[in-house]
Amino acid sequence: MSKLLPDLYVNTIFDIDLIALRNRGIDSIIVDIDNTLVAWETEYASKEIIDWFKKIKELGFKCCIISNNTKDRVVKFNKSLEVYAIHRAVKPRKKPFLKAMKFMNTTPDKTVVIGDQIFTDILGGID
């Protein structure tokens, strides 16, 4: 059961210490869209979200969005972010997480999962 507890809890993605992640050897980020990056059904990334993605890229992180939502939703949202993206992921299945790490050419010990749901994002991201 303790594996289902997040390593870190923050109010928003903007509260994540990206330098600390990088210093821990993290090079890749898997992130959910709805209720993680934006409110449910928000069609486009806000300027703040776009700037956050620019920052993570500048810091050398690779990123992949994993969403259970439709292709249209994910493609539309990702248009301004231009990162790897997986739609209809059927989280918490492991396959989309493994696919994301393959896209980013990384391993579980160098990857963090950012999401809002224990039984989809956190459980799916458990190594």
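A residue is called buried when its relative accessible area is under 20%, exposed when it is over 50%, and partly exposed in between, with a 1.4 Å probe and protein chains only. By this definition Lys47 is exposed, because its relative accessible area is 56%. The structure is a predicted model, in which local features need pLDDT of at least 70 and side-chain atom pairs count only at pLDDT 80 or more, while totals for chains, interfaces and linings use all residues. Residues are numbered from 1 along each chain as its sequence is written, and side-chain values use heavy atoms, with hydrogens and water left out.

Helices (H or I, at least four residues) and strands (E, at least two) are DSSP runs, numbered from the N terminus. Two strands pair if DSSP finds at least two bridges between them. S1 runs parallel to strand S2 (residues 62-66), and 4 bridges join the two. Within S2, Lys62 is the bridge partner of Ser28. Between S1 and S2 the chain passes through helix H2 (residues 47-58), and this β-α-β crossover is right-handed; that is, with the strands pointing away from the viewer, the path from the first strand over the helix to the second runs clockwise. S1 also pairs with strand S4 (residues 111-114), again in the parallel sense and over 4 bridges. There, Ile30 has Val113 as its bridge partner.

The next topic is the nonpolar core, meaning a set of buried Ala, Val, Leu, Ile, Met, Phe, Trp, Tyr and Cys residues joined through side-chain atoms within 4.5 Å. In soluble globular proteins, nonpolar side chains tend to be buried together. The largest core here has 25 residues, and those with the most contacts inside it are Leu18, Ile29, Ile49, Phe53 and Phe77. Helix H1 (18-23), S1, H2, S2, helix H3 (71-78) and S4 each give two or more residues to this core. H2 provides the largest share, 4 residues. Leaving aside residues up to four places away in sequence, Leu18 is in contact (heavy atoms within 4.5 Å) with Ile29, Trp52, Lys55, Ile56, Leu59 and Phe61. Another core, of 9 residues, lies apart from the largest one and includes Cys64, Ile66, Ala100 and Met101.

What links charged side chains? A salt bridge is a side-chain nitrogen of Lys or Arg within 4 Å of a carboxyl oxygen of Asp or Glu. The whole structure holds 5 salt bridges. One of them joins Asp27 to Lys62, with the closest N and O atoms 3.6 Å apart. Asp27 lies in the loop between H1 and S1 and Lys62 in strand S2, so the pair ties together parts that are 35 residues apart in sequence. Lys62 counts as partly exposed because its relative accessibility is 27%.

Asp32 and Lys91 form another salt bridge, their closest N and O atoms being 2.9 Å apart. Asp32 is in the loop between S1 and H2, and Lys91 is in the loop between strand S3 (84-86) and helix H4 (95-104), so this pair ties together parts that are 59 residues apart in sequence. Both Asp32 and Lys91 are buried.

Lys47, with which the text began, meets Asp51 in a salt bridge of 2.7 Å, N to O. The two residues lie in helix H2, 4 residues apart, about one turn of the helix.
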